[in-house]
Amino acid sequence: MSERHSQWRSRTDSSVSRRTFVKAAGATGAATGLAGCIYGDSSSSENAITIAMGSTTIDDVRDNLPDLLHENGVDDEIEIEFSEQSDDTGDQRDKYISLLEAQETTPDLFMMDTGWANVLIERGYIANLAEELDDETLSRIDEDYFDAFTNTVRDTESGDLHGVPLYPDYAVMLYNKGYAREAGYSDEDFDQWESAPMTWQEWAEMAEEIVAASDAGFGFSTQWDVYEGTACCTFNEVMTSFGGAYFGGEENLGGPVGERPVTIDEPEFIEALSMMYTLAADEEDEYTLDDYPTGVASPNITQWKENPALAPFTEGKAAFHRNWPYAIVEALSGKYDFEDEDDLGVMPIPYAVEEGEGEYPGTGGSTSAQGGWHIGLNPNSERTDEALQVITAMTEDDFNLGMLEAIAWLPPKPALFDADEATDPDTIGDVANYMDTFRVAGEGAMPRPVTTEWPTQATAIAEQANQAVAGEKSPADAAADLQSAIEDIESQ
């Protein structure tokens, strides 16, 4: 899988444009990357601030973002220009590194993927905003933003801020309300499901019941192929909800490598794998769990990434589906007859143990993988004061709500999910009907590990998790083998 998995466009092979997506459903995220052209009203001028972002994003934001910045405090004489970039996030990261190592003075600002912003921070390439921004702006970020999302752009040792969150991306569980109604569930139930997460056991038993009462072919589709999405996201969500962790808890996600505990061959990890095996198994055996029904998930989940897993849901075969916000537009414009929120439901990811009651810090409760994008400052910029005006404007509520309306970037602040503008579908689009669920997902978000060793570790995790759920080895054996593999990587 491409490293673009941390936001909606890159997680799918879909050709749906961002503008079409906003018009249809108002969900989140546009791919950004690195190439090099400057877009503006004229060639780069003395008063221009250049922001690096993908060409698709530029097309979508150029009519709104500059005006919103000026409306929120950027001096009128400061022009906003764009540096057109590749849509591949890995290429973007590598190009940023080349530019910063060469001490290039432009672009002034960079959009950074939450999955690799830490690489630029660890290497000292991005300006320390704790030393650049005023106290009021820093306090706003400390107090108003999603903590887990903001932490992905902090120095793991000092805690200093090296970027401002632009918009987050969270996973949710989509479901077919028509099938649920056939099983006797009503709008009253749906309203409760929006923001009150179920346990995995409650959810699995309900999914089994809905399949039995409806035309659904099976209960659940998700992503469990051998790719980074399984390690960073789908299994990370399940494992964390059981109270497990790769490295002893959230505080160790950034390292130090070789000094943090490896906590994979542990009961919570094994039970999480065992549950997923049980859900996908055709029948009970020595490795299935008694508390969960078999056959709820398609056994094909071990071959599915985002779009292949989405197809059975949009075609009416699956009653439930785990995916990112982009899946809302696909469901509403897919082959199955989903018209609006009366047909399509969304709920938080289920959980196994209560929030805060997991074995490791930050675990337990409904858990969504953490995706999204930040904005960082080029320390070599010759227009630092002007660039800081832009960054400060991006922290204003009116800017966040304006971008939600313009391009459906989810706000990085939980309180804004309840704002009148954010919950008005006539203004935002259909995503406004699901803001309660996104808020809950954001509050329970778990970032992926963010060390330079993570890509290699992610491959090992995905391989073992895939084999366990496919029944090629027992969950316990998979956990033991993975413990050894990750320890070896850590020691190197």
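Let's start with Arg181. Its relative accessibility is 35%, so Arg181 counts as partly exposed. The terms are these: buried means under 20% relative accessible area, exposed means over 50%, and partly exposed is in between (1.4 Å probe, protein chains only).

A word on the model. This is a predicted model, where local features need pLDDT of at least 70 and side-chain atom pairs count only at pLDDT 80 or more, while totals for chains, interfaces and linings use all residues. Residues are numbered from 1 along each chain as its sequence is written, and side-chain values use heavy atoms, with hydrogens and water left out.

Back to Arg181. Which residue does Arg181 meet in a salt bridge? The partner is Asp187, at 3.1 Å from N to O. A salt bridge here is a side-chain nitrogen of Lys or Arg within 4 Å of a carboxyl oxygen of Asp or Glu. Asp187 is partly exposed too, because its relative accessibility is 44%. Side chains of opposite charge can pair when their charged atoms come close.

How many salt bridges does a search of the whole structure find? It finds 13. Let me show you some others. Glu315 pairs with Lys317, and their closest N and O atoms are 3.4 Å apart. Glu315 has 29% relative accessibility, so it is partly exposed. Lys317 stands at 44%, so it is partly exposed. Then look at Asp481 and Lys473, whose side chains meet at 2.7 Å, N to O. Asp481 is partly exposed, at 39% relative accessible area. There is also a network: salt bridges link Asp418, Asp436, Arg439 and Glu443.

The surface carries a patch of negative charge, and among its residues are Glu202, Glu271, Asp282, Glu286 and Asp291. Patch residues have over 30% relative accessible area and no salt bridge, and like charges are joined within 9 Å. Asp and Glu count as negative. The charge is placed at CG of Asp or CD of Glu.

Which helix gives the most to this patch? Helix 10, residues 200-213, gives four residues. Helices are DSSP runs (H or I, at least four residues) and strands are E runs of at least two, numbered from the N terminus. Asp291 sits elsewhere, in the loop between helix 12 (267-280) and helix 13 (306-314). At 48% relative accessible area, Asp291 is partly exposed.

Now turn to helix 6, residues 135-144. Its buried residues are Thr137, Leu138, Arg140 and Ile141. Look down the axis: these buried residues fall within an arc of 155°, so they line one face of helix 6. The arc is that of the directions from the helix axis to the C-beta atoms. What sits on the face turned away from the buried side? There you find the exposed residues Asp135, Glu136 and Glu143.

Last stop, the backbone. Thr106 and Pro107 are joined by a cis peptide bond, with omega about 0°. Pro107 lies in the loop between helix 4 (89-101) and strand 4 (109-113). Gln103 is in the loop between helix 4 and strand 4 as well. Gln103 is not a glycine, yet its phi is positive, about 60°. Its relative accessibility is 57%, so Gln103 counts as exposed.

There is another cis peptide bond, between Gly255 and Pro256, with omega about 5°. Where is Pro256 found? Find it in the loop between helix 11 (228-241) and helix 12.

Technical notes:
Patches are made of residues with over 30% relative accessible area and no salt bridge: like charges are joined within 9 Å, nonpolar side chains (Val, Leu, Ile, Met, Phe, Trp, Tyr) within 5 Å. Accessible areas come from the Shrake-Rupley method with a 1.4 Å probe; for residues, only the protein chains shown count as cover.
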